[in-house]
Amino acid sequence: MTDTPGAVRPDRRAELAAGLAQVRARIADACAAAGRDRGEVTLIAVTKTYPAGDVVALTRLGVTDVGENRDQEAAPKAAEAAAAGATPRWHFIGQLQRNKARSVVRYADVVQSVGSVRLAAALDAAAAAVRDRPLDVLVQVSIDGDPARGGALPGAGDPDRGLDPVAEAVAGSAGLRLAGLMAVAPLGWEPERAFARLAEVAERFRAGHPGATVLSAGMSGDLESAIGYGATHVRVGSALLGMRPTLR
């Protein structure tokens, strides 16, 4: 990254402020339509491919939570932002290889993409070795149950990828704290169908794990529907930061 953290052009700061105002208004309107309190929904700014300076600017505009998808980008970005005084709550939201666990637990406050018992075990070992408090974890749910995609499988008896075994592995880990669920609407599914299905899974899940109340769902194009079905966290990139640069 070549950007100096905090050295954001005035026009870029204005762009970010405008995008943030629009996203906040959408969240407020969606909460009102769903009869929910605005304070129930947290915005996660997804900053993949954007420089650390944007993270610093967003935190100065009041954003408290930031999401990243790739460890090789997130680790140095978090360090650069911290050097400029920006310490948001970092969410790792991408698919995670077990060999990256030791790196991710050093900067992430939350890992949202745990979909297997083996990954939970790797994160537990890494967190116990380097952290002074448990790492918050969301179990990623495969809404359509397609084993070819990421996420734990609701109702499946798979001992590694079934939703119940993954949740139990996280809940029983000394280095992890089971915080809730995360999901992405499957390609080809209408958001209403996807998030209605997720709400059903979440209701059953909370019956067994009443303290795991986080539901991370909804992105730039479908956050309203996700909020209507109970999302507590929405992950917004392009609607907030503009069109993404090409992945490096």
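E68, R70, E73 and K77 are linked in a network of salt bridges, a salt bridge being a side-chain nitrogen of Lys or Arg within 4 Å of a carboxyl oxygen of Asp or Glu. The model is a predicted one, in which local features need pLDDT of at least 70 and side-chain atom pairs count only at pLDDT 80 or more, while totals for chains, interfaces and linings use all residues. Residues are numbered from 1 along each chain as its sequence is written, and side-chain values use heavy atoms, with hydrogens and water left out.

K77 and E73 are both buried, where buried means under 20% relative accessible area, exposed over 50%, and partly exposed in between, with a 1.4 Å probe and protein chains only.

The count of salt bridges comes to 13, and some of them join separate elements. Side chains of opposite charge can pair when their charged atoms come close. R133 forms a salt bridge with D109, with 3.5 Å between the closest N and O atoms. Because R133 lies in the loop between helix 5 and strand 5 and D109 in the loop between helix 4 (101-107) and strand 4, the pair ties together parts that are 24 residues apart in sequence. R133 is partly exposed at 47% relative accessibility, whereas D109 is buried at 15%. The side chains of D136 and R177 also meet in a salt bridge, at 2.7 Å from N to O. Here D136 lies in strand 5 and R177 in strand 6 (residues 176-182), so the pair ties together parts that are 41 residues apart in sequence. D136 counts as buried at 11% relative accessibility, and R177 as partly exposed at 40%.

Helix 1 (residues 10-34) has 25 residues that should span 36 Å at 1.5 Å a residue, and its end C-alpha atoms are 36 Å apart, which agrees; the expected span is 1.5 Å times one less than the number of residues. The buried residues of helix 1, among them L16, L20, V23 and I27, pack against strand 1 (42-46), helix 2 (52-60), helix 8 (223-228), strand 8 (233-236) and helix 9 (238-241). Just after helix 1, G35 takes a positive phi of about 70°.

G150 lies in the loop between strand 5 (135-140) and helix 6 (163-171). At 28% relative accessibility, G150 counts as partly exposed. Leaving aside residues up to four places away in sequence, G150 touches Q95, Q140, S142 and R161, contact meaning heavy atoms within 4.5 Å.

The largest pocket has a volume of about 470 Å³. Of the 25 residues that line the largest pocket, the closest to its centre are I93, Q140, V184, M219 and R235. A pocket is, on a 1 Å grid over the protein atoms alone, an open set of points where a 1.4 Å probe fits, with protein on both sides within 12 Å along at least five of seven lines, and lining residues have an atom within 4 Å of a point. The second largest pocket is lined by 15 residues, of which Q95, L96, G115, S116 and L119 lie nearest its centre.

Note on methods: Grid points are joined across faces, edges and corners, and a volume is the space filled by probe spheres set on the points. Helices (H or I, at least four residues) and strands (E, at least two) are DSSP runs, numbered from the N terminus.
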